[in-house]
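Q: How does one read the nonpolar core, the surface and the aromatic pairs of a model? Please take them in turn.

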Amino acid sequence: LFPSRWGTLAQLALQSWLWAFYCFDYRWGAESWSLERRLQHFEGNWAYFSGFGSPCVLLSACGWSPFWSEGVMAMVFPLCMMTAMGA
């Protein structure tokens, strides 16, 4: 649908939001937030979540093989999740 350059940028942005949501979902679940409250908070702070999830995405998108990319994500995701719990 998008030209390759814009498609790649959209993919990176959407993946960073996805990983940030995954990380913060554990915290919000522990605090018993409703889905509506989670989404309102996420939409209100979209720039923060984009920046929070971008290191995960950029580390896994360095052009390595999918095996190495997933291995890097498996090591980085728990760190991001612990950071989200403390934020």
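Q: Which residues of the largest nonpolar core touch the most other members?
A: A nonpolar core is a set of buried Ala, Val, Leu, Ile, Met, Phe, Trp, Tyr and Cys residues joined through side-chain atoms within 4.5 Å. Buried means under 20% relative accessible area, exposed over 50%, and partly exposed in between (1.4 Å probe, protein chains only). Here the largest core has 16 residues, and Cys 23, Phe 24, Trp 28, Phe 49, Phe 52 and Cys 80 touch the most other members. At least two residues each come from α1 (4-30), α3 (46-60) and α4 (66-86); helices are DSSP runs of H or I with at least four residues, numbered from the N terminus. The largest share, six residues, is supplied by α4.
A: This is a predicted model, in which local features need pLDDT of at least 70 and side-chain atom pairs count only at pLDDT 80 or more, while totals for chains, interfaces and linings use all residues. Residues are numbered from 1 along each chain as its sequence is written, and side-chain values use heavy atoms, with hydrogens and water left out.

Q: What is Trp 28 in contact with, leaving aside neighbours within four places in sequence?
A: Contact means heavy atoms within 4.5 Å. On that basis Trp 28 meets Phe 21, Trp 33, Arg 38, His 41, Phe 42 and Phe 49.

Q: How are the ring pairs described, and how many aromatic pairs are there?
A: A pair of aromatic rings is described by the distance of the centres and the angle of the planes. Rings of Phe, Tyr and Trp (its six-membered ring) pair if their centres lie within 6.5 Å; planes under 30 degrees apart count as stacked, over 60 as edge-to-face and the rest as tilted. The count by this rule is 15 aromatic pairs. One of them, Phe 24 with Tyr 48, is edge-to-face, at 6.2 Å centre to centre and 70° between the planes. That pair links distant parts of the chain, with Phe 24 in helix α1 and Tyr 48 in helix α3, 24 residues apart.

Q: Is Phe 24 buried or exposed?
A: Phe 24 counts as buried because its relative accessibility is 4%. Tyr 48, with a relative accessible area of 44%, is partly exposed.

Q: Why is the pair of Phe 24 and Phe 49 edge-to-face?
A: The ring centres of Phe 24 and Phe 49 are 5.0 Å apart and their planes stand at 90°, so the pair is edge-to-face. Both Phe 24 and Phe 49 are buried.
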